[in-house]
Protein chains: 2
Amino acid sequence: MARRRQIYEGKAKILYEGPEPGTIIQYFKDDATAFNAQKKGTINGKGVINNRISEYVFTRLSHIGIPTHFIRRLNMREQLVRQVEIIPLEVVVRNVAAGTLSKRLGIEEGEMLPHTLIEYCLKDDSLGDPKVSEEEIACFNWCSHEELQDMSSMAIRINDFMCGMFAAIDIRLVDFKLEFGRIWDGDYSRVILADEISPDGCRLWDINTGEKLDKDRFRRDLGGESEAYQEVARRLGLLQNDDS
Amino acid sequence: MARRRQIYEGKAKILYEGPEPGTIIQYFKDDATAFNAQKKGTINGKGVINNRISEYVFTRLSHIGIPTHFIRRLNMREQLVRQVEIIPLEVVVRNVAAGTLSKRLGIEEGEMLPHTLIEYCLKDDSLGDPKVSEEEIACFNWCSHEELQDMSSMAIRINDFMCGMFAAIDIRLVDFKLEFGRIWDGDYSRVILADEISPDGCRLWDINTGEKLDKDRFRRDLGGESEAYQEVARRLGLLQNDDS
Ligand SMILES: Nc1ncnc2c1ncn2[C@@H]1O[C@H](COP(=O)(O)OP(=O)(O)O)[C@@H](O)[C@H]1O
Ligand SMILES: Nc1ncnc2c1ncn2[C@@H]1O[C@H](COP(=O)(O)OP(=O)(O)O)[C@@H](O)[C@H]1O
Ligand SMILES: [Mg+2]
Ligand SMILES: [Mg+2]
């Protein structure tokens with residue numbers, strides 16, 4: 001493998017310079033963290049599976065007209081993507097109460113929300129990714145009003161699509177997190193979907209048994225993390241042929 | 001004094017049935033609490049001063065067309081107000097970073113905000129009055145969209161008015177909290193300003209020295225709480241004649 005420059009090492013992925021300008025390589029690690037990296041561990045084979053699941057979801061999202069950074073998968077753990085200027089917000093979409101929402105508002109986990117909620121968190125580990133309001137996003141100019149509109153309408157469409165996709169394989173999409181980034185075309189920029197979509201950033205519950213098939217198994221010490229991630233990939237039809 | 005029925009005892013006030021239907025009496029106590037009532041104490045004379053300051057502010061707000069619950073002050077510690085159906089939200093207006101905003105977003109206390117921010121907290125002590133988004137307010141129907149609009153536009157006007165009022169007495173209005181309630185007229189309801197406006201729910205800093213003239217003296221064990229509250233009342237011209 002040719003030598004290449006590492007751009008960034010994050011909690012779950014490493015970014016390398018890509019073969020052409022404006023591209024980067026996402027390398028998916030097995031490392032897992034929770035509670036703002038206070039808890040650390042590994043989930044065997046997670047990187048391989050997340051690389052595949054994210055490829056699968058991003059490809060299908062592009063088919064319904066969602067612009068994404070995904071170009072192509074390179075190998076078991078790597079994918080080539082367009083380099084973006086990450087917007088420092090995590091866009092969280094929730095269909096069912098769970099996690100911090102349950103805790104903050106005193107709503108029992110598993111309760112269906114009266115309607116889908118979007119929330120925004122500032123991507124800043126040192127502050128614990130605090131939830132921020134649209135007004136605060138405007139006040140501190142973390143992105144423009146138009147960008148926020150674009151992200152929220154994409155998030156709603158992505159949610160509808162993924163609810164359908166997971167329902168088809170008997171999985172309830174409880175909530176998930178998205179990241180978006182800016183790409184420039186001369187003086188103009190537009191927002192595209194970036195990062196990854198995988199059981200690391202989604203809550204996925206088996207529709208029949210309620211079993212958790214996501215990172216909550218790791219967060220809450222439930223065991224069987226690798227098996228849960230594999231089960232999601234298997235139901236999506238991604239485990240037949242173990243190619244490159 | 002005639003016997004009267006107590007409706008509610010809160011952290012800082014007691015509510016009694018008023019003389020006519022649709023009215024109640026707010027009795028201002030010296031009790032002070034902080035950090036969701038984990039810290040408790042008294043501030044000598046606070047009830048008397050808050051009753052006067054709140055009367056002063058509510059009266060002047062009604063002169064600029066803000067509808068309020070205030071009817072008249074009855075004596076040193078009591079005021080007669082219109083009974084409302086309290087909307088379970090605390091409306092917080094911030095001009096300068098301080099308190100929980102500073103902590104959550106990592107902005108130093110005292111930094112002027114790029115523009116005024118409004119935030120909403122669910123009035124629920126058992127949950128620690130969590131911050132909620134406009135979308136969550138709509139989702140769980142804590143008030144209607146129109147009510148939220150009315151509250152936020154009143155909050156902005158109240159902020160402008162109070163910034164001016166405090167600037168005139170060399171005080172910087174850093175932030176403050178409002179409560180609103182519904183009054184019914186047949187099938188129709190409208191929203192009016194309720195509760196109190198006093199150094200209990202405002203951050204007030206001396207413009208020249210930066211000295212805190214509000215409940216942060218109690219929260220942060222700075223001492224001199226009574227004197228600080230008195231100083232605000234004195235500057236507002238409320239301490240000349242010790243009537244009733
Ligand atoms: N297309 C992209 N261009 C540039 N940066 C990206 C892109 N997609 C994702 N990123 C960023 O790369 C990092 C991915 O690594 P990860 O381990 O998830 O990091 P982190 O610990 O910061 O979440 C994230 O910081 C993410 O915001
Ligand atoms: N006009 C009004 N009608 C009915 N309730 C009111 C009115 N104004 C304020 N209240 C409520 O009365 C209580 C005032 O007492 P307080 O000690 O501040 O209580 P708390 O501990 O709940 O904040 C608050 O719960 C407030 O929401
Ligand atoms: Mg990440
Ligand atoms: Mg109160």
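These notebook entries record what I looked up in the interface and the two ligand sites of a predicted model.

**Conventions.** I number residues from 1 along each chain as its sequence is written, with chains lettered from A and ligands numbered from 1 in the order in which they are written. Because the model is predicted, local features need pLDDT of at least 70 and side-chain atom pairs count only at pLDDT 80 or more, while totals for chains, interfaces and linings use all residues; side-chain values use heavy atoms, with hydrogens and water left out.

**Entry 1: the interface.** I looked up the contacts (heavy atoms within 4.5 Å) and found 24 residues of chain A against 24 residues of chain B. The buried area (accessible area, 1.4 Å probe, that two parts lose on being put together, summed over both) is about 1900 Å², and carbon and sulfur atoms give 64% of it.

I then looked for salt bridges (a side-chain nitrogen of Lys or Arg within 4 Å of a carboxyl oxygen of Asp or Glu), and the rule finds 4 across the interface of chain A and chain B. One of them joins Lys131(A) to Glu136(B), with the closest N and O atoms 3.7 Å apart.

On the side of chain A that touches chain B, helix H2 (99–105), strand S10 (112–122), strand S11 (131–132) and helix H3 (134–139) each supply at least two residues. Helices (H or I, at least four residues) and strands (E, at least two) are DSSP runs, numbered from the N terminus. S10(A) gives the most, with 7 residues.

**Entry 2: ligand 1.** I counted as near any residue with a heavy atom within 4 Å. Of the 18 residues around ligand 1, Tyr8(A), Ala12(A), Lys13(A), His69(A) and Glu179(A) come nearest. An N or O atom in the side chain of Glu179(A) is 2.6 Å from an oxygen atom of the ligand. Nitrogen atoms of ligand 1 are 3.0 Å from a polar backbone atom of Val84(A) and 3.1 Å from one of Asp195(A). The protein buries 91% of the 540 Å² that ligand 1 exposes when taken alone, by the Shrake-Rupley method with a 1.4 Å probe. Strands S2 (13–17), S3 (23–28) and S7 (78–82) of chain A each give two or more residues to this shell.

**Entry 3: ligand 2.** Around ligand 2 I found 18 residues, of which Tyr8(B), Lys11(B), Ala12(B), Lys13(B) and Glu179(B) come nearest. A polar backbone atom of Lys13(B) is 2.7 Å from an oxygen atom of ligand 2. A polar side-chain atom of His69(B) lies 2.8 Å from a nitrogen atom of ligand 2.

Definitions and conventions
A polar contact is a pair of N or O atoms within 3.5 Å; within protein, one must be able to donate a hydrogen and the other to accept it, and residues adjacent in sequence count only if both atoms are side-chain atoms.
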